[in-house]
Amino acid sequence: MRALISVFDKEGIVEFAKELANRGWEIISTGGTYKKLLDAGIEVISVDKVTGFPEILDGRVKTLNPKIHAGILARHDIKSHMETLEKEEIIPIDMVVNNLYPFEEKLLEKADHDTMIENIDIGGPSMIRAAAKNYKDVYIVTDPADYDNVLNYLDKDDLKFKEYLAYKAFSYTAHYDAVISNYFAKREGERFPRYINKSYKLSEELRYGENPHQRAAFYEDSYTPDKIEYKVLHGKQISYNNLNDMYSALNAVINFEKAAAVAVKHTNPCGIGTGETLEDAFVKAYECDDESIFGGIIALNREVDVKTAEHLSKIFLEIVAAPSFSKEAFDILTKKKNIRLIEIPDFEKLYDPGFRFKQVLNGIIIQNFDDVIWDEDKLSFVSNRKPTEKELEELKFAFTCCKPTFSNSVVIAKDGGTLALGQGETKRSWAVEEAIERAGEKAKGAVLASDGFFFRDTIELLYKAGIDVIVQPGGSVKDQEVIDFANENNICLVFTNVRHFRH
């Protein structure tokens with residue numbers, strides 16, 4: 001029996017090779033692996049002795065040779081294959097042990113382009129794919145974690161186990177090629193690439209999915225040159241729903257420059273606040289809906305201080321995510337056993353202009369990130385009554401709050417805090433009615449923002465509720481009716497000419 005061993009990751013390879021040799025396997029190897037095995041006292045044959053051809057081009061060509069690939073690909077159950085090997089004096093290779101140049105690791109190190117190119121493995125993937133294709137006759141071992149299992153199965157020659165190794169091998173090379181493809185795609189900057197080769201690695205199995213009867217796992221995006229590192233400083237494992245809700249909360253809080261707090265429940269914002277201090281921001285978010293926030297997710301865009309921590313500690317919360325926590329704030333919050341504290345040091349990386357994906361029938365749809373929030377140059381002051389500087393600031397805040405809400409949605413806001421959110425309705429006037437009911441008397445003198453245009457029935461509802469400063473995108477054939485009503489009733493109406501639908 002003959003094994004070809006050529007690995008970049010040499011963890012455990014000496015022990016594995018020794019055991020193969022003890023069982024009578026002949027070992028051939030290349031380059032650094034050959035030297036390591038030889039230095040460990042293992043009898044090993046260099047590949048160039050097998051091929052009769054030296055390594056050339058600074059090691060770029062070592063194993064790309066018929067005497068290697070024919071030895072791997074020959075089917076032992078086909079007589080003509082074995083006769084060809086005998087005629088060409090080629091010995092069959094019964095095991096390939098290989099892992100690849102560290103392209104992904106160099107990507108994370110932000111290596112220069114020339115270094116990235118030199119870390120694209122050619123011979124390795126060729127050997128791996130050849131062995132995996134011929135898995136019935138050849139063991140293909142790409143993961144050091146499998147060495148012990150392989151040794152346990154050698155005497156059994158279990159075909160199902162060999163097929164499992166082939167599956168891992170093809171997954172490994174597919175992942176490797178996807179990372180390389182994504183690297184080049186980013187350099188090319190294509191608007192929409194012909195192929196999207198995303199690859200995800202299993203990070204951890206989760207306790208369950210959206211519901212206890214569903215199994216779930218977290219897979220990490222393999223293309224991570226600008227990976228957002230975060231630490232779970234305190235609390236138990238993050239759940240499926242936690243991860244989903246936290247992503248929604250973070251996507252909302254990144255839209256604000258001032259100190260901001262976003263409370264999320266079931267991916268819906270239930271309160272958003274901004275202020276001169278983080279405490280001010282959180283209090284506004286909390287007061288918007290002091291019931292739904294129970295068991296919710298909080299995202300904050302400043303270091304959590306003592307005063308904010310004292311407020312947070314009085315509520316049952318699943319997660320608090322922030323750039324950092326002061327020692328005093330951390331000590332206060334960790335007294336609560338079940339709260340999860342998530343530290344995201346590189347908070348600015350959250351504002352990612354890349355693509356967003358959504359699963360649909362037979363595939364996915366993609367779009368770039370909604371990175372336009374409020375464009376001063378596109379504003380249309382369509383009513384006779386113009387907003388004051390403070391009113392315009394309030395409208396900008398309210399419209400920014402619409403961006404992470406589910407359509408149809410409206411936001412009633414005042415003094416940099418949401419008073420009520422109406423969202424996820426099939427009819428916009430229902431979203432308005434919902435928000436007005438939640439805001440109550442506080443709605444009078446507040447502003448309202450809508451993620452999409454609305455008709456006369458909506459502005460009539462707002463007028464009756466005492467809301468007379470309004471922003472919406474405009475763009476309806478019935479815009480003039482809305483503008484006319486605004487002018488008849490001294491309502492300030494601004495069109496953004498930017499829409500924020502979120503379905």
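Leaving aside neighbours within four places in sequence, which residues is Ser-324 in contact with? Select Ser-324 and find out. This is a predicted model, where local features need pLDDT of at least 70, side-chain atom pairs count only at pLDDT 80 or more, and totals for chains, interfaces and linings use all residues. Residues are numbered from 1 along each chain as its sequence is written, and side-chain values use heavy atoms, with hydrogens and water left out.

**Stop 1: Ser-324.** You'll find Ser-324 in the loop between β12 (317–322) and α14 (327–333). Helices here are DSSP runs of H or I with at least four residues, strands are runs of E with at least two, and both are numbered from the N terminus. Now show Arg-302, Glu-303, Val-304 and Glu-343: these are the contacts of Ser-324 beyond four places in sequence, contact meaning heavy atoms within 4.5 Å. Zoom in on Glu-303, whose side chain makes a polar contact with the side chain of Ser-324 at 3.0 Å. (A polar contact is a pair of N or O atoms within 3.5 Å; within protein, one must be able to donate a hydrogen and the other to accept it, and residues adjacent in sequence count only if both atoms are side-chain atoms.) Ser-324 is buried, at 18% relative accessible area; buried means under 20%, exposed over 50%, and partly exposed in between, using a 1.4 Å probe and protein chains only.

**Stop 2: Ile-228.** Next, go to the loop between β7 (216–221) and β8 (231–234), where Ile-228 sits. Its relative accessible area is 29%, so Ile-228 counts as partly exposed. Not counting residues up to four places away in sequence, Ile-228 touches Ile-344, Lys-349 and Leu-350.

Stop 3: Pick His-266, in the loop between β9 (259–265) and β10 (268–275). His-266 isn't a glycine, yet its phi is positive, about 55°. It is exposed too, at 59% relative accessibility. Then select Ser-407 and Asn-408, which are joined by a cis peptide bond with omega about -15°. Asn-408 lies in the loop between α15 (389–402) and β17 (410–414).

**Stop 4: α17 and α18.** Finish with helix α17 (residues 456–464) and helix α18 (residues 479–488), whose axes come within 9 Å and cross at roughly 25°. To see the contact, show Arg-456, Ile-459, Glu-460 and Tyr-463 in α17, along with Glu-481, Val-482, Phe-485, Ala-486 and Glu-488 in α18. The residues of this contact divide into five nonpolar, no polar and four charged.

Definitions and conventions:
Axes are lines fitted to C-alpha atoms, for helices over the stretch in contact, and angles run from 0 to 180 degrees between N-to-C directions. Ala, Val, Leu, Ile, Met, Phe, Trp, Tyr, Cys and Pro count as nonpolar, Asp, Glu, Lys and Arg as charged, and the others, Gly among them, as polar.
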